[in-house]
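Please look over the model below before reading on. A short briefing follows it.

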Amino acid sequence: MKIQRFAGLAALLASTLMASSAMAETLRWARASDALTLDPHSQNQGVTHNFAHHIYETLVDRAVDGSLTPRLATEWYVKEDDPNVWVFKLRHDVKFHDGADFTAEDVVFSLDRARSENSNMRQLHSAIASVAAVDDHTVEVTMTGPSPLYPNNLTNTFVMDKGWSEAHSLQSVQDYAAGEDNYAVRNANGTGPYILESREVDVRSVLKRNEAHWAETKPQVTEIIYLPIAENATRIAALLSGEVDLVQDVPVQDIERLKNTAGLKVETGPENRIIYFGYRMDDKPLKSSNVADKNPIADPRVREAMHLAIDREAIKRVVMRGNSLPAGVAMPPFVHGWTPELDAFPAPDPERAKALLAEAGYPDGFSVTLDTPNNRYVNDEAISQAVVGMLGRIGIKVTLASRPVAQHSPLITGDNTDFYLLGWGVPTFDSAYIFNDLIHSRNGHFGAYNPSGYADPALDAKIEGLATEIDVEKRDADIAEIWAQVQRDRVLLPIHNQLLAYAMKDNLTLAVHPENQPLMTMVTYGQ
Amino acid sequence: MLAFILRRLLQSLIVMLAVAFIAFLMFRFVGDPVEGMMGVDARLADREALRDRLGLNDPFYMQFWTFVKNAARGEFGISYRLQQPVTQLILSRLPATIELAVVSASLALIVGVTLGVFTAIHGRLPPSSRETLTALAAIILPALALWFLGRGLLWSFGAAALIFVSTAFWAKSFFSQAVMAVSLVGVSLPTFLIGIGLIFVFAVELKLLPSFGRGQTVELWKGWSTGFLTKSGLLSLILPAVTLSLFQMTLIMRLVRAEMQEVLRSDYIRFARARGLPESTINFRHALKNTMVPVITITGLQLGSIIAFAIITETVFNWPGVGSLFVNSVQAVDVPVMAAYLLFVALVFVVINLIVDLLYYLVDPRLRVDGRSGRA
């Protein structure tokens with residue numbers, strides 16, 4: 001972790017030091033898929049945001065260590081006499097690519113657009129009551145209640161120009177059900193460090209450096225050619241043959257080989273995403289088990305046994321070829337609330353696990369079906385296969401059902417699974433994001449990805465309280481208490497955090513971004 | 001004649017409807033499109049609302065009916081993945097696929113016919129398995145020897161290719177045995193493997209040809225972008241075209257060879273020889289002409305499958321055609337694109353079949369006579 005942060009810092013330092021060497025550098029950047037759209041409020045998806053961050057800008061940005069940093073907003077604070085109002089002071093002398101001035105009106109327009117009917121960003125802004133421009137460079141966002149963490153939700157909400165948007169009737173976001181596409185899907189006008197020059201969806205996009213950008217140091221990369229190459233082998237071949245300079249999505253099996261190839265290097269670092277197993281743990285019998293009268297997993301001893309049966313180090317070594325951080329808690333180390341104590345996990349102990357199963361009344365184990373995605377996370381299906389074997393050792397007979405993620409996810413949101421693998425990224429870098437969807441019982445806005453049947457009204461109340469708690473110490477104590485209970489009850493069975501790998505020519509430097517959204521402004525040339 | 005065409009058109013329509021129907025039956029098992037359209041943060045209620053708006057909660061026959069109604073008006077909706085009109089997406093990808101298909105088909109035809117004739121003239125009937133094995137060994141063993149001597153893949157590959165080609169000049173019968181043996185590889189190796197192999201040799205190791213994409217394209221007319229006019233466009237075309245044509249090439253070669261050997265044994269060839277005509281005139285003017293009828297038919301039908309099933313080649317080479325569009329759409333459960341693509345493929349086949357049928361009708365006089373009483 002420390003090393004990772006240091007590397008990021010070093011890259012930052014290097015970029016400031018070397019910015020003076022103004023050379024024309026073209027970076028050919030390949031990854032597995034293209035941005036889905038240029039409309040910045042239409043998709044809440046990592047690849048799309050990653051691309052948009054080069055053209056559009058957000059009010060606040062997230063540093064590699066997870067802290068918030070100024071971008072279009074220079075400072076932000078809760079209004080003194082009203083805890084429900086966030087005040088944002090905006091950067092001066094910022095211009096959109098078409099030359100229009102960036103003002104508070106643009107921010108008001110963009111936030112209103114981001115929380116409008118068809119926007120996929122709107123759940124992040126659901127607590128907004130109204131947005132108003134106080135003067136040209138001050139915006140006040142009035143929330144429905146105290147929202148101490150609201151600025152965390154702004155790191156992927158981009159600001160569009162009000163005038164440009166109105167000229168092209170972009171007040172609302174693309175509606176799939178409507179028959180036409182929106183101008184913003186294929187055209188862009190942001191304030192960002194790069195200007196879109198051309199774009200062929202799924203083929204290539206060309207971005208040119210914005211010479212009028214407000215930042216004092218100009219990025220070294222003057223031109224970005226963005227090349228989506230879906231096939232793993234082809235993408236790696238393109239790097240090996242020198243046709244691309246940077247590959248963002250490197251399959252784990254290629255990392256060693258690329259490291260040993262002259263002229264190339266690989267940067268790795270943990271992604272802000274936890275891979276874990278979940279299960280139904282209420283009293284209703286499991287749908288896929290031979291135990292028909294009750295749910296074996298409802299017994300805490302059985303969950304403890306499953307926990308002890310998993311050999312996380314073996315999964316790291318064999319399935320991930322060393323490219324993972326085994327985890328004892330369902331929370332990446334970047335997240336507020338993480339402690340090394342929570343993340344500790346016991347050595348696998350099949351004997352003790354078997355004894356626990358016998359104690360719980362299942363000396364011969366039981367059977368259950370494990371649902372796993374096979375195209376979403378790094379080696380997801382292989383991880384599940386390994387776990388099938390590990391649980392088999394203690395007598396739990398697991399049948400594996402493997403599906404593409406488009407079929408897998410509905411099982412979880414639709415309560416149609418007994419036992420499943422899922423990965424969870426934490427874009428707000430706060431424990432509450434995990435609790436809201438994975439721990440809170442399913443109810444209205446909460447628990448969308450919690451098919452466990454785990455329901456504790458006291459815990460739910462505590463989770464809901466986190467959103468409005470202003471007292472930082474009290475809030476931290478609550479987070480610790482919730483995690484203590486989640487760990488004690490073994491609500492989730494964490495496996496590891498994925499490592500990301502970026503492969504590049506060895507005269508480039510780019511640190512791994514924990515949310516897998518690296519900015520090409522951070523690329524530096526030279527050894 | 002007119003009745004025949006009308007009947008065929010009606011049948012074509014039924015085929016297209018059937019394809020669309022089966023497609024819609026299958027879409028229910030592909031997964032939930034809304035999953036990819038909304039982020040994980042999306043509220044369940046919002047997802048349900050979107051599903052409702054898109055009509056995904058309707059029974060599949062209702063969805064099918066809506067699709068047919070819209071398709072009849074030429075409306076295929078908006079791509080769930082890329083948010084752009086489907087017709088426009090497919091049209092913008094079509095030039096890449098058609099150019100690749102035409103080049104592959106020509107390559108398959110030219111090389112296939114040439115080698116077919118060559119192996120028919122110089123080969124033996126039936127080919128003995130012993131000679132085939134000797135031929136293969138003569139090519140593979142030196143290559144393996146170089147490999148073991150640590151010369152690397154390129155030397156081995158080069159040596160094999162050199163021996164293979166040089167035998168064409170001084171050991172013709174041997175060469176045709178070798179061609180027959182190698183053609184087995186073309187028929188049996190999966191396209192995916194051939195593509196990756198070619199990329200490895202010619203892009204990664206030799207750095208001669210691009211490994212992916214279409215290179216620089218030039219817009220010709222109304223959005224038809226062509227790769228034929230630039231150097232990088234032409235270079236990019238080589239590997240995918242070879243990969244895609246390999247199967248058809250071997251198919252045509254074996255077909256020509258078989259037909260040719262049949263024709264060479266017929267009486268009029270013997271008489272031509274007896275007349276003392278030069279060997280080349282006999283082979284190319286008299287024999288080849290009579291083998292071409294089935295070849296043209298097969299080639300026409302294969303062109304359809306080249307256009308429709310370039311999917312794997314396009315994926316391996318990241319070729320921006322309709323095939324790779326389809327693959328990306330399947331992963332994202334982009335129902336409007338999948339439906340339109342499958343309909344497009346059905347259309348290609350139906351049109352080509354129709355043309356082939358009409359050609360038969362024109363070529364074969366018996367069909368015209370029987371037209372009134374019997375069936376084509």
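The points below cover confidence, the chain A fold, its domains and the interface with chain B.

This is a predicted model: local features need pLDDT of at least 70, side-chain atom pairs count only at pLDDT 80 or more, and totals for chains, interfaces and linings use all residues. Residues are numbered from 1 along each chain as its sequence is written, while chains are lettered from A and ligands numbered from 1 in the order in which they are written.

**Confidence**

- The predictor gives the complex an ipTM of 0.81, with a pTM of 0.85.
- Chain B has an average pLDDT of 82 (the predictor's confidence in each residue, from 0 to 100).
- In chain B, 92% of the residues score at least 70.
- Confidence in chain B is lowest in helix H16 (residues 365-370), with a mean of 60, and highest in helix H13 (residues 311-316), at 92.
- The pLDDT is below 50 over residues 371-376 of chain B. Beyond near neighbours in sequence, this stretch has five contacts in the model (C-beta atoms, placed from the backbone, within 7 Å).

**Chain A fold**

- Chain A has 16 helices and 19 strands (DSSP runs numbered from the N terminus: H or I of at least four residues for helices, E of at least two for strands).
- A compact globule of 527 residues would have a radius of gyration near 24 Å; chain A has 24 Å, which agrees. The radius is taken over C-alpha atoms, and the globule rule is 2.2 Å times the number of residues to the power 0.38.
- The C-alpha trace of chain A spans about 75 × 60 × 50 Å along its principal axes.
- Of the 527 residues of chain A, 50% count as buried (20 or more other C-beta atoms within 10 Å of the residue's own, with C-beta atoms placed from the backbone).
- Among contacts in chain A with a separation of 6 or more, 69% join residues 24 or more positions apart.

**Domains of chain A**

- The domain assignment gives domain 1 (5-17 + 33-185) and domain 2 (271-499) of chain A. Such bounds come from an automatic or database domain assignment.
- The centres of these two domains of chain A, taken over C-alpha atoms, are separated by 33 Å.
- Nine residues of domain 1 of chain A are in contact with seven residues of domain 2 of chain A.

**Interface of chains A and B**

- 42 residues of chain B are in contact with 38 residues of chain A.
- Helices H2 (33-37), H3 (44-54), H9 (191-205), H13 and H14 (322-331) of chain B each supply at least two residues of the side touching chain A.
- H9(B) gives the most to that side, with five residues.

Note on methods: Two residues are in contact if their C-beta atoms, placed from the backbone, lie within 7 Å. A residue is buried if 20 or more other C-beta atoms lie within 10 Å of its own, exposed if 12 or fewer, and partly exposed in between; C-beta atoms are placed from the backbone.
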